[in-house]
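Open the model in your viewer and keep the sequence panel beside it. The stops below say what to select and what is there.

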Amino acid sequence: MVVQDEPLRTTQGGTAAKKLAAELDLHTAGDLLRHYPRRYATRGELTDLASLAEGEQVTVVAEVLSATRRDLRGGRGPRSLLEAAITDGTGRLTLAFFHNTGYHLRELRPGRRGMFAGKVSTYRGKKQLAHPVYEMLPDDGTGEGRAQEFAERPIPIYPATKGVSSMDITRCIAALLGPRGGDPGIEDPMPAEVRERQRLVGLGAALEKIHRPDDMAEIGPARKRLKWDEAFVLQLALAQRRRAAEEVPARPRPRGSGGLLDAFDARLPFELTDGQREVGASIAAGLDSAHPMHRLLQGDVGAGKTLVALRAMLQVVDAGGQAVLLAPTEVLAQQHHRSITGMLGPLAEAGRLGGAEEATRVALLTGSQGAAARREALLEAASGQAGIVVGTHALLQEHVSFADLGLVVVDEQHRFGVEQRDALREKAAEGRPHVLVMTATPIPRTVAMTVYGDLDVVSLTQLPSGRAPISTHVVPAREKPHFLARAWERIREEVAQGRQAYVVCPRIGGEAGAEEEGPDGADAPGDADGAQADRRPPLAVLDVAAELAGGPLSGLKVEALHGRLAPDEKEAVMGRFAAGETQVLVATTVIEVGVDVPNASVMAILDADRFGVSQLHQLRGRVGRGSLPGLCLLVTDAEPDTPARERLAAVAATTDGFELSRVDLEQRREGDVLGGAQSGRRSSLRLLTLLRDEELIGRAREEAGALIGADPELKEHPGLAAALEEMLTEDRADYLEKA
């Protein structure tokens, strides 16, 4: 019987176990069984040898053409070299052996087929494998039935390394599963009624057939079962999380009448969209609950999320509580503070000359404030005088307190770590505060069911009236330099009409400018396609600003904005741009979210291929924010027909953020949906894909919810409880608990 948590050293021996651990991070029988084949070859299939690249680790199925042994002279003693030529019908490859040549000569007889694994190298202009690991397939002479069986049986090809070949893994798994076609003796934790409803094969059969299928038709049902297990156990964890949240107390914050929210709605110069009304009503109902609201508000760029969040904050203030808005950068925190105080007007001036009778205060707290401003903000937050507090990570510090924290609004939540969000949530005096998470990066439904599976997701899909369209074009600067020249002309034309422009660069420049700017304004390396040694360094704000001011944009007022500027300098630069004094702002991604200058009509993103789909869409949303049509130019040196150019073409083809979110997910691996990006562990998703398996994930969510509803602690399902515990390592459990 196979026990999945059994160490591999007891089934594979110490040497093999050490290699599997070092090369593939496999430690237990379960780890090995879940190291699934990446594809399958067949005995009659001939892999395309002509396309092999030097340095590539490969496994090929081919036929021996010839094998010749010759003696080598010189050196320390007599040696021999065996060279064998193999073919797949499209190309030839040489195998070279310097040891045990007599054995290899007997095995590598012309006409025999085998599976060969090794690293491709070149010798005298010919591709070769030196000392490959191989396994010869049976000759036809071993019997017609046996030959037919081997010809039709798929050969699993595993993710492998130089030290552990695909065939090594095959042998290890065979030792674990026992005789082919037998019962591997693996306990199945899935309830029989769930298996029956979902038409799933047993776990033992699924593992046997994923690793040792008799034909290709057996692989599909095996993959379906194993995908289901990944989705189901994940959804069990999230269902438990949702149930636990329902038992935590929170003070209800019902909507009142005649207070701040009514006064704010009365002074709005426009009508709310139907979507804003519908989502606002849903959030208002959540705030009136005796359990913490956990809601994800997603909406495309410009959909009016901040307005919806502000109305929720005013409802909490009317109910006697305070609301906090946590922003990822100082620029964005300052922007939110300006925007909220501007929208509230006299409603934000409590106790001040000109303040409305029902007004509150809006405090700003950032890490680089002067001592006097900081003391005032801390006092307003602690006393409750400020009903709304806007800030950055500075809000998370221990000495920051609130009179009655009722709502935490997190803007662009993916910019914050789990511990940071939890630290702010713990500052509520009574129970837990309600939580509203905002993201301008629309997410596919399957991601909402997994990454945000314990949140109620509401979406704003309708843009406010009056928003101008944005047109986007790819500018291939290397192929067509005149296109880049025309881009600078277009910016001059927009400025001549009294409008403004952004130019975005991946990094800052200067002495510390060898790295690109991260999302929080600090330098952090990044490249959407991964760094390549032969690529030039990414363009930098400080260099580009100087070149533009002295070249194609000479005569225009050009300024630079980036994360290394002092906070008061950032504020001054943004203030001049917002006031129209600066015509062209050369910036890093510090302007990615929240920055609102309606007069800015054009943006050029340099080295656009170094940004991801969602980031490009976010950046593009900084133009076209008023009645002026927006123009976004994606400048790139990327070659045609590359993934980078395809990504840029996808962004240029649509302004639908929900459609682009699917493109983004298709081009990235899912990663560990339970926080692997923070824990650094292997992904918990090995077969499941969030886009292609949307329907399966939905069914798993329903089944998991029903099971947890009937058996919250899984006491009647010890096998599932063990599977859940195995998946929820300490850091993943912590991630779920705090997410």
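Which residues in H8 meet which residues in H9? Select Leu203, Ala206, Leu207, Lys209 and Ile210 in H8, which meet Ile219, Ala222, Arg223, Arg225, Leu226 and Asp229 in H9 (contact means heavy atoms within 4.5 Å). By class, this contact has seven nonpolar, no polar and four charged residues (Ala, Val, Leu, Ile, Met, Phe, Trp, Tyr, Cys and Pro count as nonpolar, Asp, Glu, Lys and Arg as charged, and the others, Gly among them, as polar).

This is a predicted model, where local features need pLDDT of at least 70, side-chain atom pairs count only at pLDDT 80 or more, and totals for chains, interfaces and linings use all residues. Residues are numbered from 1 along each chain as its sequence is written, and side-chain values use heavy atoms, with hydrogens and water left out.

Now show H8 as residues 203-211 and H9 as residues 219-246 (helices are DSSP runs of H or I, at least four residues, numbered from the N terminus).

Next, colour H8 by burial. Leu203, Gly204, Ala206, Leu207, Glu208, Ile210 and His211 are buried there (under 20% relative accessible area, with a 1.4 Å probe and protein chains only). Because seven of its nine residues are buried, H8 is largely enclosed by the rest of the structure.

Move on to the largest nonpolar core, which has 40 residues (a set of buried Ala, Val, Leu, Ile, Met, Phe, Trp, Tyr and Cys residues joined through side-chain atoms within 4.5 Å). Met313, Leu344, Ile388 and Leu407 touch the most other members. Helix H12, residues 305-318, gives the largest share of this core, nine residues.

Finally, select Tyr502, Phe577, Phe611 and Leu634, which are among the 30 residues of another core lying apart from that one.

Technical notes: Axes fitted to C-alpha atoms, helices over the stretch in contact; angles between N-to-C directions. Helix = DSSP H or I, 4+ residues; strand = E, 2+ residues; numbered from the N terminus. Buried < 20%, exposed > 50% of the residue type's maximum accessible area, 1.4 Å probe, protein only.
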